[in-house]
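Reader: I have a structure to study for my course. Could we go through it together?
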Amino acid sequence: MNVIKPSNLDFLKELRLNNNREWFTDHKDKVDSNLRDFKEYFFQVEQIMQEHDKIEKARMYRIYRDVRFSKDKTPYKRHVGFQMSRLKPLLRGGYYIHIEPGNSFIAGGLFEPNKEDLLRLRQEIAIDDLALRDIIAQESFKKYFGKLSGEELKTGPRDFPKDHPSLDLLKKKQFYVVRYFDDKTVCSEEFLDQVIQSFMAMRPLFDYFSEVFTHDKNGTPLYE
């Protein structure tokens, strides 16, 4: 079984301490070898997830940072990231893996919903929030993720009553879940199973998103 090796994490630690083009160029063989290891590991995750879900796109993010609008001009990321998108328009939600020494996690959900999707989701919550609350109250959900994460408005969204009983959910701008892992777990053979189990535990939430976004607020299907 392909595993993330301690040496792969050591590489990321080295890169964090030597985040400059000179070191990167001088150690290009090490860079390429470790990035290839990560890519192979993520490909393995994608292959397994294709057996359980319909993955439309999968990509490992580039190690290079976009520094154009950042005060931090270090050229390279301190982590590697991998993202999988489900087959749209019928399936919503996305999966993410973040590997960084001391800060590795998996996540999934709606990270950057567009304004139309966010409005539609808020409309559904305002009409009936029980389906979503039942999902985030499930023992399996709390076991893996604890709570529903995401940035929130300070007050209620425009065009919704400020005293709405579902205001805690309506204020959310993002709807996702996170599970963190220590370095020892990341480098263990069990990590792959834990990643897949965690992704599968997200499915009730994703199924909810898919149901909402494939129907209008009157319950009429949007797709044949």
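Reader: To start, how many bridges pair strand β4 with β5, and in which sense do they pair?
Author: Please bear in mind that this is a predicted model. Strand β4, residues 104–110, pairs with β5 over seven bridges in the antiparallel sense. Within that pairing, Gly 108 has Val 177 of β5 as its bridge partner.

Reader: And what is the order of the strands in the open sheet?
Author: The open sheet has five strands in the order β1-β2-β3-β4-β5, with antiparallel pairing. From one strand to the next, the twist averages 10 degrees.

Reader: Which strands stand at the edges, and why is one side of each left without a neighbour in the sheet?
Author: Those are β1 and β5 (175–181). Each has a single partner strand, so one side of each has no neighbour in the sheet.

Reader: Let us turn to β2. Which strands pair with it?
Author: Strand β1 (residues 55–60) pairs with β2 over five bridges, in the antiparallel sense. There, Arg 59 stands opposite Gln 83. Strand β3 (residues 94–99) also pairs with β2 in the antiparallel sense, over six bridges. In that pairing, Phe 82 has Ile 97 of β3 as its bridge partner.

Reader: Is β2 mostly covered or uncovered, and which way do its residues point?
Author: Strand β2 (residues 80–86) is mostly covered, with seven of its seven residues buried. Val 80, Phe 82, Met 84 and Arg 86 point one way, while Gly 81, Gln 83 and Ser 85 point the other way.

Reader: You mentioned Ile 97. What is it in contact with, beyond its neighbours within four places in sequence?
Author: Ile 97 is in contact with Val 80, Gly 81 and Phe 82, and also with Phe 42, Val 45, Phe 105, Ile 106, Val 195 and Phe 199.

Reader: Which residues touch the most other members of the largest nonpolar core?
Author: That core has 54 residues, and those touching the most other members are Val 45, Ile 97, Ile 99, Leu 121, Phe 199 and Phe 209. Helix α3 (residues 28–50) gives the most to this core, with seven residues. Another core, of five residues, lies apart from it and includes Tyr 96, Ala 107, Tyr 176 and Val 178. As a general point, nonpolar side chains tend to be buried together in soluble globular proteins.

Reader: One last topic: which strands does helix α10 lie across?
Author: Helix α10, residues 203–213, lies across β2, β3, β4 and β5. Its direction is at about 25 degrees to β4.

How values were computed: Residues numbered from 1 in each chain as written. Predicted model: local features only at pLDDT ≥ 70, side-chain atom pairs only at ≥ 80, totals over all residues. Heavy atoms only, no water. Buried < 20%, exposed > 50% of the residue type's maximum accessible area, 1.4 Å probe, protein only. Helix = DSSP H or I, 4+ residues; strand = E, 2+ residues; numbered from the N terminus. Pairing = 2+ DSSP bridges. Core = buried A, V, L, I, M, F, W, Y, C linked by side-chain atoms within 4.5 Å. Contact = heavy atoms within 4.5 Å. Axes fitted to C-alpha atoms, helices over the stretch in contact; angles between N-to-C directions.
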